[in-house]
Amino acid sequence: MNPATAADSVARDLISAAFAPADDVTAQGQVTCDAATRLVVALHDVEPATLRRCIEIRDWLRDFGVDRVTLLVIPAPRLHPFPARSPELAYWLLDRQDAGDAIAQHGLHHRQTRPGPLLARPVRRWQGGAAAEYAGLGAEAAAESVAAGRRVFEGTGLHVRGFVAPAYAYTGALRAVLGERFDWWATLLTLHASAATRSPALCLGTSSPLKRAVSPLVVRAGATLSPQLLRLDLHPADFDHPRHVAAVERVLERARDRVAVTYDDLC
Ligand SMILES: [Zn+2]
């Protein structure tokens with residue numbers, strides 16, 4: 001099988017899995033979020049080092065009519081709390097919050113510090129490798145990490161209601177903490193709030209040749225299969241790849257009649 005055919009095959013498998021019929025939770029009518037024909041864009045990895053790029057992406061999204069975005073902020077990259085390191089970022093986030101964007105917590109420092117369980121390592125590597133911050137943390141360490149991240153936002157004037165784990169790498173310990181401390185948290189396939197909403201996030205990948213080859217196909221196909229809530233994830237690194245930018249442009253053009261909302265709006 002040549003690489004292009006293999007990429008197409010992997011893309012089809014991923015799309016089929018992600019857009020399989022909703023699970024029992026949703027089928028039983030427990031969904032409370034109003035999710036009709038909405039577009040919810042999450043911009044990942046907002047931190048001092050990516051601020052310039054994030055500002056450009058946010059402006060670019062506005063050109064497509066996306067007037068509400070959820071900004072996923074890393075509280076302490078390299079263990080330096082962002083408000084002290086970059087007051088400029090804190091001010092920009094306040095401006096964005098005033099304009100209608102939502103601010104959410106994206107881990108603590110976005111780096112895995114302990115190896116995860118042996119059997120889970122291949123999955124974690126696929127999800128995000130070194131970014132799988134919570135993969136090796138026990139219950140106490142996960143709770144402390146989440147709490148430390150929340151403390152970084154205290155006193156900034158930013159209202160943080162939600163959480164997304166780096167690389168969407170969740171553990172049982174982390175899940176147990178989040179329900180008590182946040183109004184919502186999101187996995188790759190589900191938005192968890194007062195109830196669960198099954199909706200896969202469309203993500204581009206840049207960390208391997210296979211992800212770079214397949215993910216634009218998955219995102220474009222997935223967008224056509226998202227009849228109600230369309231979750232689109234963007235990372236600053238996506239914009240180093242012309243095929244990725246072209247795929248996102250196509251999705252946003254087709255989503256112009258959707259209402260742009262934040263995750264806070266949905267919960
Ligand atoms: Zn991230």
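What percentage of the contacts in the chain between residues at least 6 apart in sequence join residues at least 24 apart?

## The chain as a whole

In this predicted model, the share is 75%, counted among contacts between residues at least 6 apart in sequence. The chain contains eleven helices and ten strands. Of its 267 residues, 45% are buried.

## Helix α10 and its two sides

Helix α10 comprises residues 242–254. Its 13 residues should span 18 Å at 1.5 Å a residue, and this agrees with the 18 Å between its end C-alpha atoms.

The buried residues of α10 are His 244, Ala 247, Val 248, Val 251 and Leu 252. These residues lie on the same side of α10, because they cover an arc of only 130° around the axis. An α-helix has 3.6 residues a turn, so residues three or four places apart point the same way. Pro 242, Ala 246, Glu 249 and Glu 253 are exposed on the other side of α10. The packing partners of the buried residues of α10 are α9 and β9 (229–234).

## The pairing of α9 and α10

Two packed helices are described by the angle and the distance between their axes. The axis of helix α9 (residues 209–224) comes within 9 Å of the axis of α10, and the two cross at roughly 5°. Helix α9 is therefore roughly parallel to α10.

On the α9 side, the contact is made by Pro 216, Val 219, Arg 220 and Ala 223. Helix α10 contributes Arg 243, His 244, Ala 247, Arg 250, Val 251 and Arg 254.

Methods: Residues numbered from 1 in each chain as written. Predicted model: local features only at pLDDT ≥ 70, side-chain atom pairs only at ≥ 80, totals over all residues. Axes fitted to C-alpha atoms, helices over the stretch in contact; angles between N-to-C directions. Helix = DSSP H or I, 4+ residues; strand = E, 2+ residues; numbered from the N terminus. Parallel < 35°, antiparallel > 145°, perpendicular 65-115°, else oblique. Contact = placed C-beta atoms within 7 Å. Expected span 1.5 Å × (residues − 1). Buried ≥ 20, exposed ≤ 12 C-beta atoms within 10 Å, placed from the backbone. Arc of directions from axis to C-beta.
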